[in-house]
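This report describes how the parts of one protein chain are arranged. Please look at the sequence and the structure before reading on.

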Amino acid sequence: MTNQPNAAAQSADFEFAALSKATNYRAALLRNFHPYLCGNVLEVGAGIGQITAGLLENPRVRKLLSIEPQSKFCAQLRARFPQLDLLQGTIDNLQPGSDWNAILSINVLEHIETDGEELASYHRLLLPAHGTLCLFVPARPEIYAPLDKDFGHFRRYTKLGLRTKLEEAGFRIVRCEYFNFCGYFAWWINFCLLKKRSFDVAAVQLYDRVIFPVSNCVESHVCPPPIGQSLIVAAMA
């Protein structure tokens, strides 16, 4: 059985125009995963390359292979990064032979119905080099909104539930924390309470420039948040 993303995940563009404005947000993700992103890195679900660009600029990454199932996104990736080693498909299409020091999976796992099988596949690929899974997923089932369904999300995760799935797949968890405390409430208000079905580009940019840097600084340097819009994980095989 292949772990294909669902139909919505393969047909939607995930509001990339709006999310492209979230430069501080993306930079924070790369900072958090920086200690683990070195050597041979496998990026699962590259999209249109918003994270890929940062990986290509990282001198610690010796080899990068990006995987993306959607053909139109692959075309954009090839146009933007002609030098990128890119595989159209999923990890099921990956040929054996490489030892991976890290797998980066950002907002991918929630699109896969058999997420336990996907995590087991990550573990199998990372085990030869005892590499690290850098995982980022949407959190808190109580804020699952119509927009989540539009995006093809099967679920939002709790910390305990995700830890359990990772341990069942064979991982040793180094870090599993909620991320983006203020974003939890922004998501609930906009997409659960007001039932919005798209992002507002100006609002995303304002949040990224004004609110997120302050809240992320507190989360990073004072204490992890008790809840958050997402979960950020580092787990070793």
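Which residues does Trp187 touch, not counting residues up to four places away in sequence? They are Ile143, Ala145, Leu147, Asp148, Arg156, Cys192, Phe199 and Gln229, where a contact means heavy atoms within 4.5 Å.

The model is predicted, and local features need pLDDT of at least 70, side-chain atom pairs count only at pLDDT 80 or more, and totals for chains, interfaces and linings use all residues. Residues are numbered from 1 along each chain as its sequence is written, and side-chain values use heavy atoms, with hydrogens and water left out.

**Nonpolar cores**

A nonpolar core is a set of buried Ala, Val, Leu, Ile, Met, Phe, Trp, Tyr and Cys residues joined through side-chain atoms within 4.5 Å. Buried means under 20% relative accessible area, exposed means over 50%, and partly exposed lies in between, for a 1.4 Å probe and protein chains only. The largest nonpolar core has 38 residues, and the members that touch the most others are Phe33, Leu37, Leu104, Phe136, Phe179 and Trp187. Among the elements that give two or more residues to this core are helix H3 (23-33), strand S4 (102-106), strand S5 (132-138), helix H9 (181-193) and helix H10 (201-221). Helices (H or I, at least four residues) and strands (E, at least two) are DSSP runs, numbered from the N terminus. Another core, of 31 residues, lies apart from the largest one and includes Trp100, Leu119, Tyr122 and Ala169.

Trp100 is found in the loop between strand S3 (85-88) and S4. With a relative accessibility of 2%, Trp100 counts as buried. Leaving aside neighbours within four places in sequence, its contacts include Asn40, Val41, Lys63, Leu94, Leu125 and Gly131.

**Helix packing**

Two packed helices are described by the angle between their axes and the distance between the axes. Axes are lines fitted to C-alpha atoms, for helices over the stretch in contact, and angles run from 0 to 180 degrees between N-to-C directions. Angles under 35 degrees count as roughly parallel, over 145 as roughly antiparallel, 65 to 115 as roughly perpendicular and the rest as oblique.

| Helix pair | Axis distance | Angle |
|---|---|---|
| H3 and H10 | within 9 Å | roughly 25° |
| H9 and H10 | 8 Å | about 135° |

H3 is therefore roughly parallel to H10, whereas H9 and H10 are oblique to each other. From H9, the residues Phe181, Cys182 and Gly183 make the contact with Tyr207, Ile211, Ser215 and Glu219 of H10. Between H3 and H10, the residues that meet include Tyr25 and Arg31 on the side of H3 and Asp208 and Phe212 on the side of H10.

**Cysteines**

A disulfide is a pair of cysteine sulfur atoms within 2.5 Å, and by this rule the count comes to 0 disulfides. Cys38 is partly exposed, at 27% relative accessibility. Cys217 is likewise in no disulfide, and the nearest cysteine sulfur, that of Cys223, is 12 Å away. Cys217 has a relative accessible area of 41% and is partly exposed.

**Positive phi angles**

Asn107 is not a glycine, yet has a positive phi of about 55°. Asn107 lies in the loop between S4 and helix H6 (115-126). Arg140, also not a glycine, has a positive phi of about 70° and lies in the loop between S5 and helix H7 (146-150).
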